Structures are given as C-alpha cells and as structure tokens.
Amino acid sequence: MPASIETGNAEGLPLPDPNATGDELFRLGLLYSTGQGGAPLDYVSAHMLFNLAAMRGSMEAKVYRKELSQEMASEEVAEAQRAAREWLAHG
C-alpha cells in the first residue's frame, strides 16, 4: 500500500474512513492527483482512491481513474489496485 495512504503521510492527511462515501473518496483522490491540499502528488494513491470512489457510486471517479491510468505505468495501476483491495479487506 502506498506509504502516503497507509500512514496518513508526513503532512498529516487522515486515512480514508472505512465508511467514506464515494464523493469523499473522490475528493481525496483529487488532492493526491494534483498534489494540493497538503497531499503529495501520488498517482498510485489517487488511482486507488478513485477506484474505491467508483465502487461506491462516484461516476466522476470512473472518468478520473481512466484518465489517470493513461498517465501511469501498468505496474503502478496494478499497485493501486492491490492497495484498494487491501484497504477494503482492512476497512
């Protein structure tokens, strides 16, 4: 799992709550995909969050996830998918 999500990162962003809505996960994914709001620029974490948001009904997250995956190496996408599964298993 990406260190920034797993540990809440050095900037102190909170871990996503296991009960977070699709919209909440989407907004957090936006922070990681742009490196704003105190979040590091982290495409793997952003993809993971967009994936989770899409699973929870965010249509916007599906679009952003697809666009972001085109900017990532296949290994990074696979890492993000593994991280999403781990988060779901531990949430």
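**Helix α3 and its partners**

Guide: The crossing of α3 and α4 is left-handed. Keep in mind that this is a predicted model. Helix α3 covers residues 43-55, and helix α4 covers residues 59-69. Their axes lie 8 Å apart and pack at an angle of about 150 degrees. An angle over 145 degrees counts as roughly antiparallel, so α3 is roughly antiparallel to α4.

Now the residues. On the α3 side, the contact is made by Y43, A46, H47, F50, N51, A53 and A54. On the α4 side, A61, K62, Y64, R65, L68 and S69 take part. By class, this contact of α3 with α4 holds eight nonpolar, three polar and two charged residues.

Setting aside neighbours within four places in sequence, R65 is in contact with H47, F50, N51 and A54. Take F50 in particular. R65 and F50 are 15 residues apart along the chain, yet their C-alpha atoms are separated by 5.5 Å.

Next, turn to the other partner, helix α5, residues 74-90. The axes of α3 and α5 come within 8 Å and cross at roughly 55 degrees. The two helices are therefore oblique to each other. Here the crossing is right-handed, whereas that of α3 and α4 is left-handed.

From α3, the residues that meet α5 are V44, H47, M48, N51, L52 and M55. From α5, they are E76, V77, E79, A80, Q81, A83, A84, W87 and L88. This contact of α3 with α5 has 10 nonpolar, three polar and two charged residues.

Finally, step back to the whole chain. The protein chain has five helices and zero strands, in the pattern α-α-α-α-α along the sequence. Of its 91 residues, 41% count as buried. Among contacts with a separation of 6 or more, 60% are between residues 24 or more positions apart. The accessible surface of the chain comes to about 5,100 Å², and carbon and sulfur atoms account for 50% of that surface.

Conventions
Residues are numbered from 1 along each chain as its sequence is written. This is a predicted model: local features need pLDDT of at least 70, side-chain atom pairs count only at pLDDT 80 or more; totals for chains, interfaces and linings use all residues. Side-chain values use heavy atoms; hydrogens and water are left out. Axes are lines fitted to C-alpha atoms, for helices over the stretch in contact, and angles run from 0 to 180 degrees between N-to-C directions. Helices (H or I, at least four residues) and strands (E, at least two) are DSSP runs, numbered from the N terminus. Angles under 35 degrees count as roughly parallel, over 145 as roughly antiparallel, 65 to 115 as roughly perpendicular and the rest as oblique. A crossing is left-handed if the near helix is turned anticlockwise from the far one by less than a right angle, and right-handed if clockwise. Contact means heavy atoms within 4.5 Å. Ala, Val, Leu, Ile, Met, Phe, Trp, Tyr, Cys and Pro count as nonpolar, Asp, Glu, Lys and Arg as charged, and the others, Gly among them, as polar. Buried means under 20% relative accessible area, exposed over 50%, partly exposed in between (1.4 Å probe, protein chains only). Accessible areas come from the Shrake-Rupley method with a 1.4 Å probe; for residues, only the protein chains shown count as cover.
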